[in-house]
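User: I have a structure to look at and I'm new to it. Can you walk me through it?

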Amino acid sequence: MIKTNIHKVNRDGSLCFITFKNFDKHPEIRHAFTTRHGGVSEGYFGKMNLSFTTGDNRETVQQNYIIICNALGIDPHNTVLSRQTHTSNVKIVGTENVGTGVFKDFDYTDVDALVTNEKGVALVTHSADCCILAFYDPKKQVIAAAHAGWRGTATEIGGKTVRTMVENYGCNPKDIIAAVAPSIGPCCYEVDMPVYTEFAKLNYLNMPQVFKDKQNGKFMLNLWEANRQILMHYGILKENIEVTDICTNCNSEHFHSHRATGGRRGVNGLILELAGD
């Protein structure tokens with residue numbers, strides 16, 4: 001049983017996925033953050049795994065995409081997957097990119113955030129403890145998704161995604177709604193001083209809220225709070241940000257977690273689409 005007071009837990013037979021309540025208010029948006037449940041993968045990939053790079057069978061993973069997309073009313077061949085490498089690179093995509101990473105080879109590399117204003121283009125972002133950030137501007141009809149591990153967070157991938165929406169589509173940050181998906185929580189994410197130092201370069205962060213000092217050269221990092229503060233710094237209103245209360249490490253029976261499994265895992269995924277007419 002997945003416990004959350006923030007998000008909505010959806011079930012369709014054995015399939016189980018999370019949706020964001022602030023996004024659910026907009027019927028023109030189709031989206032889901034997947035769990036381990038409802039796919040056809042086996043072993044430690046099971047059941048729902050969306051990764052092609054962890055050793056799972058390619059056709060099996062494609063079938064998982066078909067299962068979750070069908071549940072959302074999305075054409076699985078309209079998905080666009082980024083090749084994530086913990087950068088803060090943002091790419092604008094459109095109909096010319098559909099199928100990339102899922103049903104055809106990548107035509108770009110080193111991209112950790114995707115943005116589009118085209119209907120019927122389903123953005124896909126992976127994680128197995130890292131944060132995923134979702135964005136939607138209902139006035140300009142622009143969506144975005146970003147993979148924000150500690151490196152991406154410290155280099156402001158969330159803020160750079162907002163800036164891309166503003167500069168390319170005229171979005172007003174005050175109109176944008178955002179969500180921080182389930183990831184490793186501040187209860188479980190221990191890091192060391194070099195990580196702390198990278199975040200300290202962002203002089204607007206309230207560091208005591210982002211890091212709990214363990215007094216032994218180690219810190220507990222709150223990626224949720226760090227990303228919330230970054231998004232607010234770039235103009236998104238506090239009340240427009242839905243921040244998760246689900247730790248993937250604590251709930252590894254429901255979510256793929258790199259830390260909980262020592263790397264023997266698949267990935268969770270966010271799928272986000274602005275529905276076509």
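Analyst: One term first: a polar contact is a pair of N or O atoms within 3.5 Å; within protein, one must be able to donate a hydrogen and the other to accept it, and residues adjacent in sequence count only if both atoms are side-chain atoms. Helices (H or I, at least four residues) and strands (E, at least two) are DSSP runs, numbered from the N terminus. This is a predicted model, where local features need pLDDT of at least 70, side-chain atom pairs count only at pLDDT 80 or more, and totals for chains, interfaces and linings use all residues. Residues are numbered from 1 along each chain as its sequence is written, and side-chain values use heavy atoms, with hydrogens and water left out.

User: OK. What caps the N-terminal end of α2?

Analyst: Asn57 does: one of its side-chain oxygens lies 3.0 Å from the backbone nitrogen of Glu59. After α2 comes Gly73, with a positive phi near 80°.

User: What span should the 15 residues of α2 have?

Analyst: The expected span of a helix is 1.5 Å times one less than its number of residues. For α2 (residues 58–72) that gives 21 Å, and the end C-alpha atoms are 21 Å apart, which agrees.

User: Which residues of α2 are buried?

Analyst: Buried means under 20% relative accessible area, exposed over 50%, and partly exposed in between (1.4 Å probe, protein chains only). In α2 the buried residues are Thr60, Val61, Gln62, Asn64, Tyr65, Ile68, Cys69 and Leu72. Their cover includes β2 (15–19), β3 (29–34), β4 (79–81), β7 (122–127) and β15 (268–274).

User: Switching to Ser41. Where is its place?

Analyst: Ser41 is in the loop between β3 and α2. Its relative accessible area is 0%, so Ser41 is buried. The Ser41 side chain makes a polar contact with the side chain of Asp56, at 2.6 Å.

User: What else is Ser41 in contact with?

Analyst: Contact means heavy atoms within 4.5 Å. Leaving aside neighbours within four places in sequence, Ser41 is in contact with Gly46, Lys47, Asn49, Asp56, Thr60 and Asn64.

User: Now strands. How many residues of β9 are buried?

Analyst: Seven of the seven residues in β9 (residues 142–148) are buried. Both faces are covered, with Val142, Ala144, Ala146 and Ala148 on one side and Ile143, Ala145 and His147 on the other. In a regular strand the side chains alternate between the two faces of the sheet.

User: Which strands does β9 pair with?

Analyst: Two strands pair if DSSP finds at least two bridges between them. β6 (residues 113–116) pairs with β9 in the antiparallel sense over four bridges, and Leu114 has Ala145 as its bridge partner. β8 (residues 131–137) also runs antiparallel to β9, joined by seven bridges; there Ile132 is partnered by His147. β8 and β9 form a hairpin with four residues between them, and Gln141 in the turn has a positive phi of about 60°.

User: What order do the strands have in the open sheet of three?

Analyst: The order is β11-β13-β12, with antiparallel pairing. The edge strands, each pairing on one side only, are β11 (190–192) and β12 (211–213). The twist averages 40° from one strand to the next. Helix α5 (residues 193–200) packs on this sheet and touches β11, β12 and β13, with its direction at about 80° to that of β11. For angles, axes are lines fitted to C-alpha atoms, for helices over the stretch in contact, and angles run from 0 to 180 degrees between N-to-C directions.

User: Last topic: which residues touch the most other members of the largest nonpolar core?

Analyst: A nonpolar core is a set of buried Ala, Val, Leu, Ile, Met, Phe, Trp, Tyr and Cys residues joined through side-chain atoms within 4.5 Å. The largest has 40 residues, and Phe135, Trp150, Met165, Phe199, Phe211, Leu221 and Ile236 touch the most other members. α7 gives the most to this core, with five residues. Another core, of 28 residues, lies apart from it and includes Cys16, Leu114, Ile246 and Leu274.
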